[in-house]
Amino acid sequence: MTLQMIITLAIVALMIVLIMMDKLPFGAPPLLACLLLVVFGIADIKAAFAGFSNATIVMLAEFMAIIAALQKTRFITVFKKSMFNMANKGGFKAYVLIILIVMIGCSLFGTGSTAYYVLTIGLLSTLPYSKKLPPSKIIMTAGFAANHPLIPFNTALQYGIVLAVLESAGVLANVSVVKFAVVNFFLSLGFLLNCFIQYKMLPDHPIAAATDEAVQLDENAPSLPKWKEQVTYVVFVAAVIGMILQGFIGDAGYAIPGLSVGVLLVIGVMDFKEIRDAISAPIILMSAGVIGVADALGSTGVTNLVGETVAGMLGSSINPFVLIFVFCILTSVLATMTGSTIGTVYVFAPLAIATCTSLGLDPTAAACAIVISGWCGHFLPIDGMPAMVMGVGNYKLSEFWKFTIPQYFIRLLALTVGSLLMFPM
């Protein structure tokens with residue numbers, strides 16, 4: 001291990017400790033870590049702060065402004081009221097219903113859709129406090145539910161990567177799309193199981209200054225003129241469509257939400273100060289700051305070193321279940337820390353496939369589980385979705401980990417079981 005690797009790991013550890021201590025403002029520890037990377041020569045200014053020009057972060061900031069504009073519409077008032085009524089009447093039933101609704105929506109958008117989780121968490125952030133179903137129980141669960149399709153038929157990206165990594169390793173496998181979808185379903189079942197187990201253990205606090213009185217103030221507050229409200233809805237839909245189509249239209253998909261914000265400024269739905277406050281929210285600082293730290297882990301060789309070391313330690317007589325589970329942990333952790341899901345998958349999936357082949361085992365189960373696991377980190381708030389969940393939900397790191405660490409292991413266990421059942425080795 002080189003000196004650069006040691007320094008990088010020390011900076012990452014310091015950042016995590018500062019987040020845990022909760023002494024600095026939310027979003028500050030990653031910025032401090034970026035500065036330390038520059039001071040110690042691990043990265044230059046451009047690389048350390050690359051997150052602030054990252055396309056996903058730009059899109060997230062733009063969408064935060066659009067969500068702020070939606071707060072002024074009648075739609076949000078009605079949404080708040082309906083969710084508040086559901087929480088007051090339903091308790092656990094409403095809790096489960098909200099999670100299932102989000103998971104059904106994820107089935108349409110697909111796993112890992114930035115547009116969908118930003119939309120989901122943004123809308124749920126308007127929830128007022130209710131003792132029967134505190135919003136702090138909803139943001140944590142529904143936020144992560146936006147990454148777990150209840151009916152996983154839209155898995156083309158992950159399925160394509162499975163075929164690619166198998167082919168790159170010289171393995172010709174006929175992977176059933178239906179069976180692959182069932183493996184994803186096992187993962188979603190593991191997520192649901194954790195939600196059921198932790199319902200009573202989730203924190204109970206408001207996620208914003210939202211009380212019964214605040215709801216009344218919202219209902220009595222002056223609303224936008226009808227034409228401005230309609231334009232707000234139109235630009236919101238346009239922004240969502242732009243994000244969804246990004247894979248087809250390229251960077252224009254990231255620019256469309258920005259143009260939507262410009263329309264809101266021109267017609268007077270928001271003034272410049274409101275937009276500035278929205279796009280510079282602490283969640284943006286957190287999400288952008290960790291990208292430079294994540295890049296440093298990859299550029300210094302920490303990722304490859306860890307993979308080669310673990311592969312060597314497993315040896316040639318490892319149990320297939322343990323083999324897949326260990327590589328799922330390795331892939332998901334480093335995908336979260338480096339911010340490069342697909343890149344990390346392409347590093348570790350071939351290692352697992354080669355190990356299976358050397359043992360005379362069918363590597364299909366390992367390939368499927370490891371590819372899916374790349375989207376299963378989330379126990380560290382250093383990626384877009386977990387950082388947004390933690391920030392919007394006003395969670396302390398201890399509260400965040402109490403839910404996400406069990407969730408992490410339960411899901412990976414379910415994923416490993418599902419892959420072995422669908423693709424026996």
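Which charged end sits over the ring of Tyr-199? Keep that ring in view while we walk through this predicted model. The answer is Lys-137, whose charged end lies 5.1 Å from the centre of the Tyr-199 ring.

The structure holds eleven aromatic pairs. In one of them, the rings of Tyr-95 and Tyr-199 have their centres 4.6 Å apart and their planes at 55 degrees, so this pair is tilted. Tyr-95 belongs to helix α6 (residues 92-109), while Tyr-199 is found in the loop between α10 (177-198) and α11 (212-220), so the pair ties together parts that are 104 residues apart in sequence. Tyr-95 is buried, with a relative accessibility of 0%, and Tyr-199 counts as buried too, at 14%.

For another pair, turn to Phe-144 and Phe-403. Their ring centres are 6.3 Å apart and their planes meet at 15 degrees, so the pair is stacked. Here helix α8 (residues 135-145) supplies Phe-144 and helix α22 supplies Phe-403, so the pair ties together parts that are 259 residues apart in sequence. Both of these phenylalanines are buried.

Back at the tyrosines, Tyr-95 and Tyr-199 form one aromatic cluster together with Phe-92 and Phe-196.

In soluble globular proteins, nonpolar side chains tend to be buried together. The largest nonpolar core of this model has 129 residues, and those that touch the most other members are Phe-63, Tyr-95 and Val-389. Helix α4 (residues 55-70) gives the most to this core, contributing eleven residues.

Our last stop is the backbone. Most residues other than glycine have a negative phi. Two residues to look at here are His-378 and Asn-394. His-378 has a positive phi, near 70 degrees, without being a glycine. You will find His-378 in the loop between α20 (364-373) and α21 (384-392). Asn-394, also not a glycine, has a positive phi of about 55 degrees, and its place is in the loop between α21 and α22 (397-422).

Asn-394, with a relative accessible area of 42%, is partly exposed.

Methods:
Residues numbered from 1 in each chain as written. Predicted model: local features only at pLDDT ≥ 70, side-chain atom pairs only at ≥ 80, totals over all residues. Heavy atoms only, no water. Core = buried A, V, L, I, M, F, W, Y, C linked by side-chain atoms within 4.5 Å. Buried < 20%, exposed > 50% of the residue type's maximum accessible area, 1.4 Å probe, protein only. Helix = DSSP H or I, 4+ residues; strand = E, 2+ residues; numbered from the N terminus. Phe/Tyr/Trp six-rings, centres within 6.5 Å; stacked < 30°, edge-to-face > 60°. Lys NZ or Arg CZ within 6 Å of the ring centre and 35° of its normal.
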